[in-house]
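Me: I would like to read this structure feature by feature. Please give me the general idea each time, then the case at hand.

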Amino acid sequence: MKNNIACLTLAATALLGCAAMSAAAAPFPATPDLSVPVSRYVTQVNADKSVTFRLFAPDAKRVSVVTGSSPDSFVSHDMSKDKSGVWSWKSGSLAPDLYEYYFDVDGFRSVDTGSRFQKPQRQVNTSLILVPGSILDDRAVPHGDLLTVTYHSKELHSERRMFVWTPPGYSGKSEPLPVLYFYHGFGDTGLSAIDQGRLPQIMDNLLAEGKIKPMLVVVPDTETDIAQAIPENFPPKDRRKTFYLLNAKAADRELMHDIIPLVDARFNVRQDANGRALAGLSQGGFQALFSGMNHLDSFGWLATLSGVTSATVPDTGIARQLDRPEEINRQLHNFTVVVGEKDSVTGQDIAGLKNELEKKHIRFDYKMYPGLNHEMDVWRPAYAEFVQKLFK
């Protein structure tokens, strides 16, 4: 009996403690007036192609919207609050493009909670907004299919996922098609190439204009997440010391032993080097360079878009192949190297690679994008230019 009373006393004390904690807890956030249309307090593109950025945050003391794609190009714009608790700032008319932004709410970086268009990242902290009128639009043209392919990687001992774009009307019953393998950049996911890179829209629109050959585009995950190379475990300043090479070697094994054999078996594609292209941006540019040089006989087309290179992440395989310029010139129909003029992330890498290619008389197409940094405004047009050179 005494034991039962003791148990009841403890339970009552616990309940009273929980009630006290609940009473002391902060109130729930305010919600917008239910009689007001949602369009009044969310971000929107206006008829003149300006953008009105809005955020409902009635208790915030200071809110700004930060536009730009990298710390080198960030611009902070102070927002003003109306009587309903909505903060807003209106831009001038903008060129058609896909723009990045985030909100600074009393010093806290926040995505736009009123928008479903977030930048696909491993740690999401940026939103996207499309100003229409460019090749990035969903136009009224025949559309290809975007497939999500889940598979077991024997090399990585894990379940993996990649995206495959197939051209309009693809059934696998006509002649085998060539394949472009494309790697995304650091901190992003495979969806970055799809949602932010706008690869499906670019491919649909260029194909409708007759500017590219029908092909498949395969987008693997650049990050392997093997125990030795989980990106979040490396301080940013130390990534070049160990992370990039560890991950590149694992991703290379996955590409050559898992991904390419799977694509060859599952889709009706060409299996010769002249029917395969390899490209990537930033960290993905290093992945393309790594696999392209270490397996030169497997690819006929190669591109590194603002990529990390062996100038800062040395690799014996890349170095060995670069010492054989005749083989590279004979094998590659096109070797594209691009960078933004103000790129502070991989500008040194690309400059080093460019110098080495020139010194060894290796043929390559080079383009520097004036005034731009390490950003999609380099990579999207560079991708569009590269795919127009393929398989012709």
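The dialogue below goes through pockets, a cavity, strands and a helix.

Me: What kind of model is this, and what are the ground rules?

Reply: This is a predicted model, where local features need pLDDT of at least 70, side-chain atom pairs count only at pLDDT 80 or more, and totals for chains, interfaces and linings use all residues. Residues are numbered from 1 along each chain as its sequence is written, and side-chain values use heavy atoms, with hydrogens and water left out.

Me: How do I read a pocket, and what is the volume of the largest pocket?

Reply: Work on a 1 Å grid over the protein atoms alone. A pocket is an open set of points with protein on both sides within 12 Å along at least five of seven lines. A cavity is a set of points where a 1.4 Å probe fits but cannot get out. Lining residues have an atom within 4 Å of a point. Grid points are joined across faces, edges and corners, and a volume is the space filled by probe spheres set on the points. Here the largest pocket has a volume of about 940 Å³. It is lined by 40 residues, and the closest to its centre are Lys119, Gln121, Phe186, Gly187 and His374.

Me: Which elements each supply at least two residues of that lining?

Reply: Elements are DSSP runs numbered from the N terminus: helices are H or I with at least four residues, strands are E with at least two. For the largest pocket they are strand S7 (97-105) and helix H9 (376-387). S7 gives the most, with three residues.

Me: How does the lining of the largest pocket divide by class?

Reply: Ala, Val, Leu, Ile, Met, Phe, Trp, Tyr, Cys and Pro count as nonpolar; Asp, Glu, Lys and Arg as charged; the others, Gly among them, as polar. The lining of the largest pocket has 15 nonpolar, 15 polar and 10 charged residues.

Me: How much space lies in the second largest pocket?

Reply: About 310 Å³. Of its 21 lining residues, Thr67, Gly68, Ser69, Tyr99 and Glu100 are the closest to the centre. Strand S2 (51-56), S7 and H9 give two or more residues each to this lining. S7 gives the most, with five. By class, the lining of the second largest pocket has nine nonpolar, seven polar and five charged residues.

Me: How many cavities of 30 Å³ or more are there?

Reply: The count comes to one. The volume of the largest cavity is about 50 Å³. Its lining includes Phe182, Leu199, Trp379 and Arg380. H9 gives the most to this lining, with four residues. The lining of the largest cavity has eight nonpolar residues, one polar and one charged.

Me: Which strands pair with S12?

Reply: Two strands pair if DSSP finds at least two bridges between them. S12 runs parallel to strand S13 (residues 216-219), joined by three bridges. Tyr181 stands opposite Val218 in S13. S12 also pairs with strand S14 (residues 276-281), in the parallel sense over five bridges. Leu180 has Ala277 as its bridge partner in S14.

Me: What is the strand order in the open sheet of four strands?

Reply: The order is S1-S2-S6-S5, with antiparallel pairing. Strand S1 (44-45) and strand S5 (80-81) stand at the edges with a single partner strand each, so one side of each is left without a neighbour in the sheet. S5 pairs with strand S6 (residues 86-90) over two bridges. Lys81 stands opposite Trp87 in S6.

Me: How do I check the length of helix H5?

Reply: The expected span is 1.5 Å times one less than the number of residues. For the 12 residues of H5 (residues 283-294) the span should be 16 Å, and the end C-alpha atoms are 16 Å apart, which agrees. H5 is mostly covered, with 11 of its 12 residues buried. Among them are Phe286, Leu289 and Phe290.

Notes. Buried < 20%, exposed > 50% of the residue type's maximum accessible area, 1.4 Å probe, protein only.
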